[in-house]
Amino acid sequence: MEKIQVFTGNAVCDCALNALKDESAAALAKLTDGSGLGNDFLGWVKLPSETDAALLDSINATAARLRNLCDVVVAVGIGGSYLGAKAVIEALSNSFAAYQDNGTKVLFAGQNIGEDYLAELQEYLADKKFGIIVISKSGTTTEP
């Protein structure tokens, strides 16, 4: 793992950083060796380095298929099950992509169970080709 460097200028005194040095190193060790609480949720730590090329090919093929078949993709999830997808889309998109006609749109359902939202979503989808992706990180999410 690469060494992380923090440049704080005058924002934080060295004494404050040094006071946290041992605690930070211990936390990083627990994260990397999987010995801390919640260690059953650490799949993301090695995800970039251990992702199989065949899985990436499958993901890219599925995305291409959805772009070809759908005007809209509805991601159904709640909490972290949808926020990850939303965060990545927003991070990798133009800030005004939602207002441009640039291909398949991704909308979300499940994070908002209000009847007005769901009725408006159904109305919006009525004349569109759409696909639905249900996201549950645990496999036990009941809301969607």
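I78 lies in the loop between β1 and α4, where helices (H or I, at least four residues) and strands (E, at least two) are DSSP runs, numbered from the N terminus. With a relative accessibility of 29%, I78 counts as partly exposed, because buried means under 20% relative accessible area, exposed over 50%, and partly exposed in between, using a 1.4 Å probe and protein chains only. I78 and S136 are 58 residues apart along the chain, and their C-alpha atoms are separated by 8.0 Å.

Before I continue, a word on the model. It is a predicted one, in which local features need pLDDT of at least 70 and side-chain atom pairs count only at pLDDT 80 or more, while totals for chains, interfaces and linings use all residues. Residues are numbered from 1 along each chain as its sequence is written, and side-chain values use heavy atoms, with hydrogens and water left out.

A19 is found in helix α1, which covers residues 14–33. Is A19 buried or exposed? Its relative accessibility is 59%, so A19 counts as exposed. A19 and G77 are also 58 residues apart in sequence, but 40 Å apart in space, C-alpha to C-alpha. Helix α1 holds A29 too, and A29 is partly exposed at a relative accessible area of 34%. From A29 to V12 there are 17 residues along the chain and 24 Å between the C-alpha atoms. In helix α3 we find L66, partly exposed with a relative accessible area of 22%. L66 and F130 are 64 residues apart in sequence and 8.6 Å apart in space, C-alpha to C-alpha.

I turn now to the pockets. On a 1 Å grid over the protein atoms alone, a pocket is an open set of points where a 1.4 Å probe fits, with protein on both sides within 12 Å along at least five of seven lines; lining residues have an atom within 4 Å of a point. Grid points are joined across faces, edges and corners, and a volume is the space filled by probe spheres set on the points.

The largest pocket holds about 1,200 Å³ of space. Its lining has 32 residues, and A85, V88, I89, V106 and F108 lie nearest its centre. Which elements supply at least two residues each of this lining? They are α3 (53–69), β1 (72–76), α4 (80–92) and β2 (105–109). The largest share, nine residues, comes from α4. By class, the lining has 17 nonpolar, 10 polar and five charged residues; here Ala, Val, Leu, Ile, Met, Phe, Trp, Tyr, Cys and Pro count as nonpolar, Asp, Glu, Lys and Arg as charged, and the others, Gly among them, as polar.

The second largest pocket has a volume of about 570 Å³. It is lined by 14 residues, with I4, Q5, V6, K21 and S24 closest to its centre. Seven of the lining residues are nonpolar, three polar and four charged.

Next comes the core. The largest nonpolar core consists of six residues, V72, V74, V76, A109, L121 and L125; such a core is a set of buried Ala, Val, Leu, Ile, Met, Phe, Trp, Tyr and Cys residues joined through side-chain atoms within 4.5 Å. Both β1 and α5 (115–125) supply at least two residues of this core, and β1 gives the largest share, three residues.

Finally, K128 lies over the face of Y124, at 4.0 Å from the ring centre; the criterion is NZ of Lys or CZ of Arg within 6 Å of the ring centre and within 35 degrees of the ring normal.
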